[in-house]
Amino acid sequence: MKIASTLYKDHSFCKNKNEENLKFEEAQLVIGFGSSDLVSQEKSFSAIKNKFPNAEIALCSSAGEIYENDVLDDTISIVALQFQSTSLKTSGINIQDFPSSFEAGKTLVQNLPQENLKLIFVLSDGGKVNGSELVKGMNFSKKEGVLITGGLAGDGSKFEKTFVGLNQTPQTGNIIAIGFYGDKLVVSHGSFGGWESFGLERTVTKAKENILFEIDHKNALDLYKTYLGKYAEELPGSALFFPLSIKSDDNQKPIVRTILSIDNDNNSITFAGDIPEGSKIRFMKANLDRLIEAASDAASSCLKMEKERPKLAILISCVGRKLIMPHRIDEEIEAISEIFGNSTTLSGFYSYGEISPLNSLTNCELQNQTMTITGINEID
């Protein structure tokens, strides 16, 4: 397995790493994460295609790009791969062609050959797709033992349009999957949030998909404002500091859910993922040191699965983490780099939702406010 990485900025390639190990024209797969304005331009795709003429090219928009140890904006962070024994297959669809995100997820995975499939890496539109339902559909179709990871495309802090593309200029509504096949492929994953729960555990008594109306038969928005205290005046922006912990049963590891918006007229709260009726929730708050420590925990969990450090680590973290610690965001990338060392290439982006299992090699889940890592290696 050979890796090279480069950074595209101001319509030119300004940094290259490891090109001596992998000539760009030899790359089989290119994955790029970039600002919505830059990644959606045909000029950008043409430049990348010209640099990597023989590669499958997967691109998505972001809320911040990860290139090595840096978190950047207004760039495209690109990683190129060549495998010795691992083969690749891809699947691309558009949400407009399906009656639901669940059906889209089912078809996305069914379009991939299943024999010897080991990893599915997914990049999805982050605005038009219901990430929770997409994940349910993918889990429905996948075979046991297949790892699914990935994320929802971002659009900075604008939350307007997101873009994804497979071998074409990225468009809105697209969902793509890259299937990795073969016995020589070694994969690992990790995900940690680092948020602190506070207050009593409560029950969701009225909700529809990702819209929450009542908690313990009380108006959810009023209750949420009570918990926020002085921060309630700063809604919806302050909601990033106070996500919810949610679990459907006592045996489930809690999932963090980000609040996207509030509706004072309907007294409701809209989240980045589904909030099922009957689920148990607790309010959460940020501890910046703990968020950074959680990034280290995510990297360490990869090493617990596979002792050898991955050659590539794809980091997908939440836009909420970036917005609430703008002056310290590089620290969570540096914390991961310290765990993996210089032999691991880091690439990734800040997303509108992270896709990763909660526990080792189980079904994937839509997560929010979480640092997720996909480790990829190939044994000789």
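**Figure 1. Elements lining the largest pocket of the predicted model.** Helix 4 (131-141), strand 19 (259-263) and helix 7 (319-324) each contribute at least two residues to the lining of the largest pocket. Helices (H or I, at least four residues) and strands (E, at least two) are DSSP runs, numbered from the N terminus. The volume of the largest pocket is about 510 Å³. Its lining comprises 30 residues, and Gly 126, Phe 159, Leu 260, Ala 272 and Tyr 352 are the closest to the centre. On a 1 Å grid over the protein atoms alone, a pocket is an open set of points with protein on both sides within 12 Å along at least five of seven lines, whereas a cavity is a set where a 1.4 Å probe fits but cannot get out; lining residues have an atom within 4 Å of a point. Points are joined across faces, edges and corners, and a volume is the space filled by probe spheres set on them. The pocket lining divides into 13 nonpolar, 12 polar and 5 charged residues (nonpolar: Ala, Val, Leu, Ile, Met, Phe, Trp, Tyr, Cys and Pro; charged: Asp, Glu, Lys and Arg; polar: the others, Gly among them).

Residues are numbered from 1 along each chain as its sequence is written. In this predicted model, local features need pLDDT of at least 70 and side-chain atom pairs count only at pLDDT 80 or more, while totals for chains, interfaces and linings use all residues; side-chain values use heavy atoms, with hydrogens and water left out.

**Figure 2. Helix 4 and its start.** Helix 4 is largely enclosed by the rest of the structure, because 8 of its 11 residues are buried (under 20% relative accessible area, 1.4 Å probe, protein chains only). The buried residues include Leu 134, Val 135 and Met 138. At the start of the helix, a side-chain oxygen of Asn 130 comes to within 3.1 Å of the backbone nitrogen of Ser 132.

Figure 3. Leaving out residues up to four places away in sequence, Ser 36 touches Ser 61, Asp 155, Lys 158, Lys 161 and Phe 163 (heavy atoms within 4.5 Å).

**Figure 4. The largest cavity.** About 40 Å³ of space lies in this cavity. Strand 13 (185-192) and strand 26 (371-378) each supply at least two lining residues. Among the residues of the lining are Val 186, Glu 306, Pro 310 and Ile 376.

Terms used. Buried means under 20% relative accessible area, exposed over 50%, partly exposed in between (1.4 Å probe, protein chains only). A polar contact is a pair of N or O atoms within 3.5 Å; within protein, one must be able to donate a hydrogen and the other to accept it, and residues adjacent in sequence count only if both atoms are side-chain atoms.
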